[in-house]
Amino acid sequence: MAGYLHTGFSLQVLKLFKDMTLVDSLRPNEYIFAVVFSACSDGGKALEGRQCHGYVVKSGLVFHQYVKNALINMYSKFSDVKGAMRVFSLVPGYDVYSYNLVLNGLVQQGFLNEAIQVLERLMGESVEWDSVTYVTVFGLCACLKDLKLGLQVHCRILTSDVELDVFVNSAIINMYGKCGNVINARKTFDWLQVKNVVVWTGIMAAYFQNGCFEEALNLFSEMKIGDVSPNGFTFAVMLNSTAGLSALRHGNVLYGEIVKSGFKDHVIVGNALINMYAKCGDIEAASRVFLDMMYRDCITWNAMICGYSHHGLGKEAMALFHDLLAAGECPNYVTFVGVLSACSHLGLVKEGLYYLNQFMRQVGVEPGLEHYTCVVGLLSKAGLLDEAEKLLRSIPVELDVIAWRTLLSACHVHQNYGFGRRIAEFVLEMDPNDVGTYTLLSNIYAKAKRWDGVVKIRKLMRERNIKKEPGVSWIEIRNVTHVFVSDDCQHPESTQIYEKVKELLARIKPLGYIPDVTAVLHDVEEEQKEDYLSYHSEKLAIAYGLMHAPLEAPIRVFKNLRMCEDCHSAAKLISKLTNSLIIVRDANRFHSFQNGCCSCADY
């Protein structure tokens with residue numbers, strides 16, 4: 001039986017056990033049951049496991065420590081945390097293995113409060129911790145993002161006799177990364193004499209989780225110089241770091257390395273590839289990766305559905321959602337964020353409300369903040385501002401400023417300035433430091449030609465020391481990233497860029513381009529307003545891309561703020577004039593301009 005168990009034939013163990021008791025009428029002892037419970041957990045045989053549990057309780061064998069531990073392990077693997085806790089609490093006798101199994105089960109299933117209670121109980125007993133205990137407790141600290149507890153556990157292990165092996169150090173690095181202390185994670189990493197791929201991947205993940213994408217990519221290069229080969233998890237972290245920088249060319253290089261290394265068919269790598277291509281603006285490449293994947297999990301479907309939604313391709317997102325249901329996959333919390341976002345792009349008010357109020361509950365997903373924010377966006381886009389406000393005031397979850405700012409932005413789009421002012425005042429009561437609300441309110445006053453209101457908002461911002469982030473756009477040409485700000489004269493080719501912008505704007509006027517001077521938030525003459533509009537950062541970046549990008553290559557521009565209406569109109573006509581595909585990712589979504597149209601349907 002032990003031989004079958006250790007070679008992976010768990011069902012053969014159960015067959016032998018039945019033969020032993022029924023055919024040969026032999027009475028099993030505690031060692032037999034320790035093997036049988038392990039076979040039940042490995043083979044997913046919950047019913048047989050519970051039957052054997054009943055036998056060991058009646059026979060008294062459950063009081064053997066290793067039988068108790070095997071039972072706890074079995075229930076943990078069945079995700080039956082209550083069953084594991086019942087055995088742990090009701091059967092006397094505790095050792096470090098019992099605590100390790102219970103803690104690990106609770107952490108993996110997300111029962112963090114219960115895990116803290118077990119940890120407190122462990123601390124109160126004279127049970128000596130081993131390396132597995134420390135790895136599990138560091139994992140608990142990481143899940144809780146409890147840096148104070150993590151530091152205390154780190155101090156404890158340094159004063160103990162436990163060897164700081166690769167697993168323990170990886171757990172420490174992971175804990176510091178998840179708790180936002182990348183400096184301590186790096187100190188732990190640098191202290192190590194021997195570094196394998198697990199430790200390297202851990203420190204890269206720590207940098208990635210804290211938004212230090214360039215540092216993560218630099219470490220990847222150092223790892224290769226150190227002759228350590230990456231694994232699938234390493235490539236996943238690198239691809240997600242690349243997505244954070246929107247560095248498409250670097251992502252393509254990584255894809256080449258992945259194919260050469262043989263990790264192309266790993267699900268975690270495929271998911272990261274879809275995410276990278278979608279966030280770098282190449283949704284077609286993301287779709288190709290999705291279609292080529294041999295195996296898919298729920299994350300795969302979610303990455304593609306959300307990718308389509310982020311690019312304004314609502315029909316494709318909804319079609320893929322129906323494919324997910326047809327494939328028998330169960331949608332989860334993230335799936336419905338993408339679906340409701342797609343409904344918003346398509347203006348499917350009735351369908352969006354059905355998914356929120358009925359279908360999500362049918363599949364056991366409780367609507368959260370992101371779902372309600374998407375529906376507020378859906379109602380707002382349809383012009384149902386009163387309904388959107390009623391929803392915001394009635395939903396059972398705690399709202400953040402973003403949900404209300406979504407409604408405020410819609411007031412600006414639909415030119416309902418009185419409604420917008422009322423919403424803005426309410427939002428500023430919630431968060432007096434939200435710079436986005438000040439900006440939108442200033443825009444609303446300017447559109448209504450209420451220059452006194454604009455002055456009042458700017459004065460208020462000065463008094464509260466609130467500064468608006470300047471608009472910045474960037475484009476990558478031949479491995480070099482070129483950054484532009486409005487009216488930028490710092491670029492070495494600024495004279496030629498300005499001439500190109502001037503030429504493009506002159507050539508699109510016969511196609512119907514009229515400068516949207518209402519977008520200028522200054523009380524100046526009309527001619528001066530046109531000058532303000534002409535050299536916004538995205539126009540400079542698009543012009544530079546047309547000057548230097550290879551023929552027929554898409555122009556990919558990234559911007560830190562939302563694209564203004566005038567630049568949006570200009571980009572549509574420039575795409576028609578030059579027969580180019582221009583993709584602009586602003587703070588809200590991707591805009592794909594082609595043949596005079598935009599994927600956002602001009603919202």
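Helices (H or I, at least four residues) and strands (E, at least two) are DSSP runs here, numbered from the N terminus. The views below are taken from a predicted model.

**Figure 1. The whole chain in overview.** Of the 603 residues, 51% count as buried. The domain assignment gives domain 1 as residues 400-467 and domain 2 as residues 472-598, and the C-alpha centres of these two domains lie 26 Å apart.

Figure 2. Asn579 sits in the loop that runs between α32 (565-578) and β4 (582-585). With a relative accessibility of 72%, Asn579 counts as exposed, because the cut-off for exposed is over 50%. Look also for Asn595, which is 16 residues from Asn579 along the chain, while the C-alpha atoms of the two are separated by 6.4 Å.

Figure 3. Leu16 belongs to helix α2 (residues 10-23). The relative accessible area of Leu16 is 32%, so this residue is partly exposed.

**Figure 4. The largest cavity and its lining.** The count comes to 3 cavities of 30 Å³ or more, and the largest cavity has a volume of about 50 Å³. Its lining is formed by Tyr255, Lys264, Asp265, Gly270, Leu273, Val289, Asp292 and Met293. Two helices, α17 (267-279) and α18 (283-292), are the elements that give two or more residues to this lining.

Figure 5. Side chains of opposite charge can pair when their charged atoms come close. A search of the whole structure finds 14 salt bridges, and one of them joins the side chains of Asp80 and Arg50 at 3.2 Å, N to O. Asp80 lies in the loop between α5 (65-77) and α6 (81-90), whereas Arg50 is in helix α4 (residues 46-59), so the pair ties together parts that are 30 residues apart in sequence. Asp80 is buried, its relative accessible area being 19%, whereas Arg50 counts as partly exposed at 41% relative accessibility.

**Figure 6. Asp190 and Arg186, a salt bridge within one helix.** The side chains of Asp190 and Arg186 meet in a salt bridge at 3.1 Å, N to O. Both residues are in helix α12 (residues 182-191), and because they are 4 residues apart there, about one helical turn separates them. Asp190 counts as partly exposed at 42% relative accessibility, and Arg186 is partly exposed too, with a relative accessible area of 23%.

**Figure 7. Asp434 and Arg405, a salt bridge from loop to helix.** In this view Asp434 forms a salt bridge with Arg405, and the closest N and O atoms are 2.7 Å apart. Since Asp434 lies in the loop between α26 (417-430) and α27 (435-447) and Arg405 in helix α25 (residues 401-413), the pair ties together parts that are 29 residues apart in sequence. Asp434 counts as buried at 8% relative accessibility, while Arg405 counts as partly exposed at 26%.

**Figure 8. A salt-bridge network.** To finish, here is a group of three: Glu389, Arg393 and Arg422 are linked in a network of salt bridges.

How values were computed. Residues are numbered from 1 along each chain as its sequence is written. This is a predicted model: local features need pLDDT of at least 70, side-chain atom pairs count only at pLDDT 80 or more; totals for chains, interfaces and linings use all residues. Side-chain values use heavy atoms; hydrogens and water are left out. Domain bounds come from an automatic or database domain assignment. Buried means under 20% relative accessible area, exposed over 50%, partly exposed in between (1.4 Å probe, protein chains only). On a 1 Å grid over the protein atoms alone, a cavity is a set of points where a 1.4 Å probe fits but cannot get out, and a pocket is an open set with protein on both sides within 12 Å along at least five of seven lines; lining residues have an atom within 4 Å of a point. Grid points are joined across faces, edges and corners, and a volume is the space filled by probe spheres set on the points. A salt bridge is a side-chain nitrogen of Lys or Arg within 4 Å of a carboxyl oxygen of Asp or Glu.
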